[in-house]
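Please look over the sequence and the model first.

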Amino acid sequence: DERDGQNFDDELAEVRAVLRVGKCGIKGCDVRMNEFTKFICKYCNKQFCAKHMNPTLHGCSKEAQRASLSNMRTRRVGGSLNESARNRLKYKLSKSIEEKTSKRTRKKTKNNNDKKESSS
């Protein structure tokens, strides 16, 4: 029985060692993290708690901004339309506008009602 208890304690110590990762990378933050609650910044590769995981909160704001702008530029470059695709979209748009305009009903205004009465 004592061996089983000792084995259990040893296994529990191993699990705790695996789960214990450390403290947040922000000076003064005492949050203890484990494998499931840590966040690793993709810009500085440091680990932070959930409160400080945002790059702007721990000093990686410029890197995050550069990466975001780079990502936007990449999308924009790959997203340009050729002339036939642009013409197709223009045609679809004009058809849609035409269809919605024909469904629209005109509001009766005072001037329109006055003209109808005076012409009768």
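Is Cys-29 buried or exposed? Cys-29 counts as buried, because its relative accessibility is 11%. The structure is a predicted model, so some confidence values come next.

**Confidence**

The mean pLDDT of the protein is 79, and 74% of its residues reach 70 or more. Among the elements, strand β4 (residues 47–48) has the highest mean pLDDT, 89, while helix α4 (residues 110–119) has the lowest, 55. Where pLDDT is low, the predicted coordinates should not be read in detail.

**Core and cysteines**

Cys-29 belongs to the largest nonpolar core, a group of seven residues. Cys-41 is in contact with Lys-46, Phe-48, His-58 and Cys-60, when neighbours within four places in sequence are left aside.

The structure holds zero disulfides. Cys-44 is in no disulfide either.

| Cysteine | Nearest cysteine sulfur | Distance |
|---|---|---|
| Cys-44 | Cys-60 | 3.7 Å |

Cys-44 is partly exposed, with a relative accessible area of 28%.

**His-52**

His-52 sits in the loop between β4 and α2 (61–78). With a relative accessible area of 13%, His-52 is buried. Not counting residues up to four places away in sequence, His-52 touches Cys-24, Ile-26, Cys-29, Leu-57 and His-58.

Notes. Residues numbered from 1 in each chain as written. Predicted model: local features only at pLDDT ≥ 70, side-chain atom pairs only at ≥ 80, totals over all residues. Heavy atoms only, no water. Core = buried A, V, L, I, M, F, W, Y, C linked by side-chain atoms within 4.5 Å. Buried < 20%, exposed > 50% of the residue type's maximum accessible area, 1.4 Å probe, protein only. Contact = heavy atoms within 4.5 Å. pLDDT = per-residue confidence, 0-100. Helix = DSSP H or I, 4+ residues; strand = E, 2+ residues; numbered from the N terminus. Disulfide = S-S within 2.5 Å.
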